[in-house]
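Subject: Structure handover

Dear colleague,

Here is the structure I said I would pass on. My notes on it follow below the entry.

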Amino acid sequence: MPPFTQVINMLAALFLLVAFAMLSQRRIVNLINLYAIQGLILALSISVVAYGTHQNHLYWSAALNGLLKVCVVPVLLHRLVRTLKVAWDPESLVRIPTVMLLGLALVIFAFHVSLPIAGLARTVNHDTLGVALASIFLSFLMMILRTTAISQVIGFLALENGLIFAATSVTYGMPMVIELGIALDVIVGVLIFGVFSFHIRAQFDSLDLRHMERRDE
Amino acid sequence: MSNMIFLGIVIVPLAGAACLGVLGDREAAFGINILFTLLTSLVAMAMTWHVIHAGSFFMAGLQFFINPFNIFLVDLTAFVTLTTAFFSRAYMRIERHTGRLNPARSKIYHAMYQLFSFTMLLALTTNNIGTLWIAMEGATLSTALLVGLYRTPASLEAAWKYFILCGAGIALALFGTIMMYFAAHTLLGPYAGLLWTRLDAVKTQLDPYIAGIAFVFLIVGYGTKVGLVPMHNWLPDAHAEGPTPISAILSGLLLNVALYAVVRFKVLASGALHDHWPGALMMGFGLTSTLVAAFSLARQRDIKRLFSYSSIEHMGLATFAFGMGGPLANFAALLHMTVHSLAKSSIFFSSGHVAQKSGTQDMTKMSGLLERNPGMGWSLLLGSLAILGVPPFGLFASEFLIVTAAIHQAPWSVPFLILGLVVAFAAIFQKVQGIVFGASQIPKALSPPSLIPAFVHLALVLLLGLYIPPILTAWYTDAARLLGV
Amino acid sequence: MSMSVGVPLELATGILVLWFLWAPVSLLGTRFPHLVRGFFPISAGAAFTLSIAGFMALTHAPMTMTLPLGLPSLPFHLRLDPLSGFFLILFGATTCAIALYLTGYRHREGYPVELRIGFSFHILLASIVLIFLADDVYVFMLSWELMAVSSYFLVVTDHHTEVVRKAGFLYLLIEHIGALAIMVAFAIMRAHASQGVGMGYTFHALHKATLSVDQAGLVFFLMLLGFGAKAGLLPLHVWLPEAHPVAPSPVSALLSSVLLKLGIYGLLRVLFDLLPAPMGWWGLVALVLGLVTALFGAIASAVQNDMKRLLAYSSVENIGLITAGLGLALLFMAHDMRTLAALALAATLYHCINHAFFKGLLFLGAGSVLHATGERHIGRLGGLIRRMPLTALLMLVGTLALAGVPPLNGFVSEWLLLQAFLGATAFSQPYLNMGVPLGAALIALVAGLAAYVMVKFYGIIFLGRPRESTLQNAVDAGPWERAGMAVLAALCVALGLLPTTVMHLLHPTIAFLMGAHAPQALHLTPGLLIAPLAVRDATYLPMAVLGVMTLIGVVAFVAVRRLFLRRMRRARPWNCGYPVLSAQMQDSAEGFGQPIQHIFATFLRLRRVVPVPEDAAPFYESVVEDPLWYVLYLPIMRAVGKVSVAAGLLRHRKIAIYLLYSFVTLIALLVFAS
Amino acid sequence: MNRATLGLQGLQLILCVAAAPLLIGWVGLCRAWFANRSGAGVLQPYRVLKKLFAKTPVVAHDASPLFLATPYIIFAATALAGASVPMISAARPLTDAADVITLAGLFILTRIFTALAAMDIGTAFGSMGARREMLVGFLAEPALLMVLFTPALISHSTSLTVIVQHLTASSPILYPSMAFAAAAYVMVLLAENGRIPIDNPGTHLELTMIHEALNLEYSGRYLALIEWTTAMKLFVYMSIGVALFIPWGIPRHGGLAHLPWALVLFCAKLCIGGIALAFLETILAKMRLFRVPEFLGTAFMLAVLGLLLRFLLRR
C-alpha cells in the first residue's frame, strides 16, 4: 500500500475520532474547536489526495475548505457564542454512554453498507468511504440529540464536512464549480443561521429549542 | 451559438434579485417584481417557441438542456411566478398597510422572491446534477428567509424547522449525488460524470449496488423537499406561517421541482438496477403520503395548514404515479403536477385573502363567505372542488388516469388510493362548506381583492379538464416516453 | 368510428348546448329577473322537444357523434340508442312539468330564485342529458360528477340553516363515493378491454372486454355500490331522506323523479349493455337488495311526519321495487327465460317512468302546500282540501297512483311485476322456485303499506280540520304551478289507461337491452287489452275497468236521484253526539303511524318529544331515526376519527423527533437496499 | 264475446247487486238461530236500505266533494269486482278486464276512499276508524293476494276464468296447498268484512269498532249505499271463495244451457257458506285490536306456506 494511502487512512481515522468527540462534547466552545480541527483534517486529506494523484485543482479545493472551515466559520461561530452567551449545551435527551454505543452501532452499519462499494472502487483509497459515511451518520445523530440551535447547526456543518470528505476520498473531489457552489451554500447557510439565532434569541430569550417548541398552537 | 440567449431564463431572475436587493423597499418594488417575472416568462415563451420548432436543445456546452420534460415545467414556473407576483402586489400592499411588512422586510421579500424563482429555474434547466443540488439548496436557503419573514415566534419556529429539516435532507441528497457521480465517473471521467444526459446514456452500465444506495439517499433527501411522509413535517408549518404568496409558490412550484429531481434520479437508478424497486420505493412513499395526509386533514383548523396537507396528498399521488411508470402513469403524473400547482396556488390566493380579511387563519372562525365576498367565496369553493378532483376540472382527468393506470399495473394499491381520496374529500369539503356557506362573520372586503390570478388559474384547470391542447399532449407523451418505465 | 348523426341526436345535443350556454346567463339573475324567469318556459319547451327526440330514437338505429373535446386520443363520444331514448322521454316529460312549475315558483325566503336555482338547474339538466348520451367512460364520469355537484348546489340553496348544509354534505359525499366506485369498476373493465380507439375507454371497447368470472362479479358489485348509492338502495340511502326535504320542492321533485333513475339507468346500461351475460347470483343479489330496500322504505315512510321526508322514504321504497324487477330480469336472463326477462324489464322500465311522474307530482304538490302554509310537519296541517281544492284534486291523482290502485299507472307496473314473479316457476334450482314467490309476497306487503302511507299523507294534510289556526289563510297554487302539476297528473292517468301503447313504446328498449337474447320479446296485443305473456295467462283492461265503474256509478247516482228526491241537509258533524269538536281530537301524524311503529318496532329507532305538563300549546312529537346510522355509519365515522388521531400522533413539536423520522427512514431503507 | 256472454255478464252484475243484502240477511238469520233467537228474517237488510234511502241525508257543514262522491265510487268498484268473479258462468268479458290482482286492487281502492272519506270531517272517531281500517287492510291485502296466487300458480294464470276452467277441468283433485290457502282465505274474509273476531258488525261500541267508525258521519242514501256496498263486498268475497275452492259446477263456457242448474248450485254454495260464516261468528269471540296484526299475520303466513307447499309437494 503506497505511503500516502496510509496517511489518508490515518487522517480518516482521526476524522472519525473527532466526529465521536463532537458527539460526546457538551461545551459549545470546544464543539466549535473540534469542528475547526475536523475542517483541518479535511483540508489535509484533500491536499494529500491532490499530492498523491497529481490533481492540482484539488489543492484549490483544499485551500478553500481550509480557509472556510478552519478560519471563517469557526470565527463566526465563536463571535456568535460570545454575543449570545451560550456556553453549555443542556443535558441531551439520551445519556452520553448510550450515545456512544449508538454511534458505534452506526459506524459498524456504515462499514457494512460501504463494504461492497469499497470492493469495486478503482480508486486507491477506497476504505475511507466507510469512514465518511460513518461520520455523516454520527453528525446526523448529533443533530438529533442536541437541543440548542447552535449545536444543531454545528452538527449540520459537520455533516457537510463528512460529505466533502466522502467526495474527495472516493472520487478525488467534484469539479471545481461544484465545490465552489457547495462552499457558497455553506457560508450563506451559516450567515442565515446567524440572523435566525439572533431573532430566536430575541423572541424566546434563549437558544434552547425546547423553549421554542413548548409554545403551544 | 444562438440559443445562448435563452440563458436569460436564469440570468433575468438573478438580475432581478440583485436589483430588488437594492430597490426592494420602494413602493415601486411590487411593479419591478412583476416586470422581472414578466421578462422571465417572455424568455420562457421564446424558449418554448424554439422547442416547438427545433426540438430539445443544449446550452452552455452541455450544462443546460431543454427538453419536453422540463420545458412545460419551466413554463409553469414562469407563469405561476408571474401570476403570484401580480397577486403579491395586491396582497403585500395590504400587508404593508397593516404594518406587517416594513421596508427592510419588503427588501428581503422581493430579493428572495426573485432568487427563489432563479434557483427553481436553474434546477429545472440544468443538466448537471451537482448544479441541481446547489440550486435546491439555494431554494431552501432563500425560502427559509421568506418563511421567517414576519419574525413572529410561530414563523421563526417554522423557518427553523424548515431550515434544519430541509438542510439535513439536502445534505443527504448531496451524498446521493456524490455516489451517483462515483458510480459514473469511472465510465465517463471527472467532468461528464455529472451530466444527466450522459448518465442517462450509460445508465444501464452503472453499478447497481452503488446506484441503489445513491437513490436511497436521494429519495430521502429530495423527498424531504417533496414533502413525502415521514419527512414532511416542515411543510405544513412553512406554508402556514410564511406570507401567502410564498405558500402559493412553495406548494405550486417548489414541490414540483423537487419531485422533478427525484424522478430524474429514479430514471437513472431503475436503469442501473434493471429492476423496478426504485419505482416500488416511490410508490410506497407516495401511497403513505397520500394516506397519512388525507387522514391528517380531518383535524386541521388552520386554513393554510389544511391545504398544505392536501399538497402533501397530491404530491404523494404524483410520486405514486411516477413510481408506477409506464406511458399512461407518467402522463397522468405530469398532468397531475401541472393542474395541481395551478389549482393549489389559486386556492392559496383566495384563502390568503380570506385569512387577511377575517384576521385569522382559524377556519372555525370563518363562515358565510358567499354572503358579503362572493368573489372570494366562489374562487375558494371552486378551487377546493377542483383540488378534490371534481370534474370538469383537470385534477379529475389526472386522478381518473392515475386510478385506471393503477388498476392496470398495481391493483393492490387501488383500495388505498380510493380511501385516501374519499377521506380527503370528506375532510376538506366539510371545512370549506362551513367557510363559504351560512351567515357571514367576515367583514366585506374594502380594498377589492385581486382574484384575477385565482380565476385565471381555475380557468386553465377547467380547460385542461375539458380539452388538452395537442402541443401539451405531445410534450407529455414525449416526456412520458423519456421517463420510460 | 362511424359518424351516423341523426336528427334526434342533433336535437338532444343542441338542447344540451343551449342549457350549458344559458346557465351562465342566469347568473345575471339579480339584474334581469324577468329574463331568467322567462327562460323557464323555454326550458320546458326544450325538455318537451327532448322527449320527442327520445321517441324518435326508440325506433331509430343507434346514432353516434364525436366532439373534439376531452382527453388526448379520447374525444367525447356521444350516442343515442333506444335505452337513452327511453330515459330521455322520462327526463323530458318530467322536466317539462317541473320547469313550468318553476316559472311560478317563489321560495318563501324570497331569495333570488333566478340566481341560486337558475344556474345550477340548467347545468344539472345539461349534465343529465350528457349522461344519457355519454358513450365513453370519461364523458360519463364527467357528466355524472357534474350532475352530482350541480344538484348539490341545488340542495343547499337554502344554506343558512345547519341542517341543510349537513344534508348537502352527506349527499355530495355519498355521491362521490359512489362515483369513485363506478370509476374503479370502469377501470377494471377497461383494463381487460381491447386497448383500441380511445385507449379502450369507449363503451364500444368496454363492450368487448373479456372479463373472468371473478372480475365480472367484482365489476357488478362495484357498479351496484356506485349506482345504488345514486339510486338510494340500502344501505347507501341515508342521504336521500336528508337531502330531499331540505331542497326546494321542484328540486326535490327533480331529484326524486329523474336523479334516482340515473342510478337505474347506469345499472341497466352496464349490466345489460356493457357486461357479458349475467351470472345467476347477480340477479339474486339485486332482487334481495331491492326487496329489502322496498320493505324498509315502506315501513320508514309510514312513520315519518315530515311530508317531504315521507315522500323521500317512499321513493326509497319505489327504487327498491324497481331494483327488484331489475334483479328478477337478470335472474331470468341468467336462466335463459327470455320472455319472462322481457316482462320483468317491462315492469322495471314502466315503474321507472310511473314513479318519475307521480312522485314528481307529489313533490310539486308538497311544494305548493309548503309554499302556502310554510309548514312541513304533517301533524300541523289539515283540511287544506277546502283552502286549495285544485292542488288537492291533482294530489289525489298522485296519491292514488302511488298507492297502486286501478285504473292509475302505479297499478299497471306493480301488476306487471307481480306477473313476472308469478311466472317464475320453472327454475332449475328448487330454492329459487320457492324463494321468488316469497318476493311476490313482500311486494304485496309493500303495496299494502304504500296504501297506508298514502292515506296518512293525503288524509292528514288535506282532509279533516286545520290543526293550526295559520292554515286559514292558505291560498291555492298559482297557474304556472298548477300547469306543472296538471301535466304530470294527466300523464299518470294516461299511463294508467293506455298500458298497451306504453308497452309498444317499451318494446324497442327491451329488445335493445336483451340484445342477443332478444326474443320477439313480449306478446303485444293490438287493442287496449294488456296481456304481456299470453291472453290466457293474464290480462288487464283498464279502460273497461274505468268504463264499467263510471257506468255503474252514474247509473247508481241517477237512479238514487230519480227515486229518492229528498234534498240533502247540512248540519254540524254528529260525532256520536259529542258536542265539542276540536282539531286536536283528530289523529296526529304520529297517531296515524302508531300501529306501524307498534308492529315494526324492531326495525326503527324512536325518539319521543313529550310536552311538559304546564305547556301552554303542548305538541307531542316522535322522531323516527334511521337505524342504519347507528348500525353502520357512526361506527365508520368513529373509526376514521381514530385513525386521524393516530395520524395526528405523527406530529410532535420537536424538531429532533422529525429529524429522527428522516434518519430512521434512511437507515431502514439502507438496510433494505444493502 | 257474443251476445250471450254479454247477457250473462249483465245478469251476474244484477245478481251480485241484488242478492247481496239477501246473503247478509241469511247470515244474520243463521246467527240468530245459532243463538236460539228467531231472527228478523232474510229480507231485513232490504227494509233497512229502503228506510235509509227514504231518509233525508244530513251532511256535516264542511264536508268536501270527496266525502259525497265516496259512496258512489266504492259502490261502483265493489259492483265491478263482483261482476268480474265467475259465479254462474266462467266465460265473460269482464274477467279479461280484471284478473285476481285487479280484484285486490279494486278492494284497496274502496278501502282507501272509505278511509279518506272518514277522515274528511275531522272527527275523532273518523280518523281512528280510518287508521284501524288501514291497519287491517295493509295486512289483509297481501294475505288475500297470497291466497289468490296459489291457484294462480297451479293454473299458471291470474285470470279467474282460467283458474276456474283449470280447476274444473279435471275431476276434483285435492291440492294440499289449496287447503292452507282456504284456511287463510277464511281469516282474510272475516277481517275484510269486519266480522267477528276482528270487528262486530252488530255493535257501535266506540273503542272497538272499525267498520262502523268509518261511516258514522254518513246518513240517508249515502249510508244506504255504503251498507249496500258492505253487503256486496261480503257477497263478492263469498263468491270468490266459491270460485277458488269449490268451483265444481260452474259452467266452463258461455251459453245459457247450463244457466239454471249453475244458478241453483251457486245459491246452495252461498247458503252453506253463510251458515259456516254464522257458525264461525257464533263460536268465536271478538279479539282485542292489538291482536289483529297477529291474526292477519297468521293468515299471511298460512297463505305463504300454501304457496311454498305447492313447490315442496309438486309431483
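Chains C and D share the most contacts of the four pairs of chains in contact; two residues are in contact if their C-beta atoms, placed from the backbone, lie within 7 Å. Before the details, two points on conventions. This is a predicted model, in which local features need pLDDT of at least 70 and side-chain atom pairs count only at pLDDT 80 or more, while totals for chains, interfaces and linings use all residues. Residues are numbered from 1 along each chain as its sequence is written, and chains are lettered from A and ligands numbered from 1 in the order in which they are written.

On confidence, the model scores ipTM 0.85 and pTM 0.87. For chain D the average pLDDT is 84, and 95% of the residues score at least 70; pLDDT is the predictor's confidence in each residue, from 0 to 100. Where pLDDT is low, the predicted coordinates should not be read in detail.

The C/D contact

Chain C contributes 67 residues to this contact and chain D contributes 71 residues. On the chain C side, the elements that give two or more residues are helices H14 (384-387), H15 (389-403), H16 (409-423), H17 (430-462), H20 (542-563) and H21 (589-599), together with strand S3 (569-571). Helices (H or I, at least four residues) and strands (E, at least two) are DSSP runs, numbered from the N terminus. H17(C) gives the most to that side, with 16 residues. By class, the side of chain C that touches chain D has 47 nonpolar, eleven polar and nine charged residues. Here Ala, Val, Leu, Ile, Met, Phe, Trp, Tyr, Cys and Pro count as nonpolar, Asp, Glu, Lys and Arg as charged, and the others, Gly among them, as polar.

Strand pairing also links the two chains. S3(C) runs parallel to strand S1 (residues 58-60) of chain D, and three bridges join them; two strands pair if DSSP finds at least two bridges between them. Within this pairing, Arg570(C) stands opposite Val59(D) in S1(D).

Chains C and D on their own

Chain C has 23 helices and five strands. Its radius of gyration is 27 Å, close to the 26 Å that the globule rule gives for 674 residues, so chain C is as compact as a globular protein of that length. The radius of gyration is taken over C-alpha atoms, and the globule rule is 2.2 Å times the number of residues to the power 0.38. Taken along the principal axes, the C-alpha atoms of chain C fill a box of roughly 105 × 70 × 60 Å. Of its 674 residues, 61% count as buried. A residue is buried if 20 or more other C-beta atoms lie within 10 Å of its own, exposed if 12 or fewer, and partly exposed in between, with C-beta atoms placed from the backbone. Among the contacts in chain C with a separation of 6 or more, 78% are between residues 24 or more positions apart.

Chain D has twelve helices and one strand, in the order α-α-β-α-α-α-α-α-α-α-α-α-α along the sequence. Its radius of gyration is 19 Å, close to the 20 Å from the globule rule for 315 residues, so chain D is as compact as a globular protein of that length. The box filled by its C-alpha atoms is roughly 60 × 45 × 40 Å along the principal axes. In chain D, 62% of the 315 residues count as buried.

The largest nonpolar core holds 667 residues, of which Ala143(D), Met146(D), Ala184(D) and Ala303(D) touch the most other members. Such a core is a set of buried Ala, Val, Leu, Ile, Met, Phe, Trp, Tyr and Cys residues joined through C-beta atoms within 7 Å. Not counting residues up to four places away in sequence, Ala143(D) touches Ala184(D), Val188(D), Leu296(D), Ala299(D), Phe300(D) and Ala303(D).

Chain A and the remaining pairs

The contact between chains A and C takes seven residues from chain A and nine residues from chain C. H4, H5 (128-145) and H8 (209-214) of chain A each give two or more residues to the chain A side, and the largest share, three residues, comes from H5(A).

Phe111(A) lies in helix H4 (residues 96-120) of chain A and is partly exposed, with 16 other C-beta atoms within 10 Å. Phe111(A) touches Gly130(A) and Ala134(A), not counting residues up to four places away in sequence.

Chain D does not touch chain A, their nearest C-alpha atoms being 60 Å apart. Chains B and D do not touch either, with nearest C-alpha atoms 41 Å apart.

Regards
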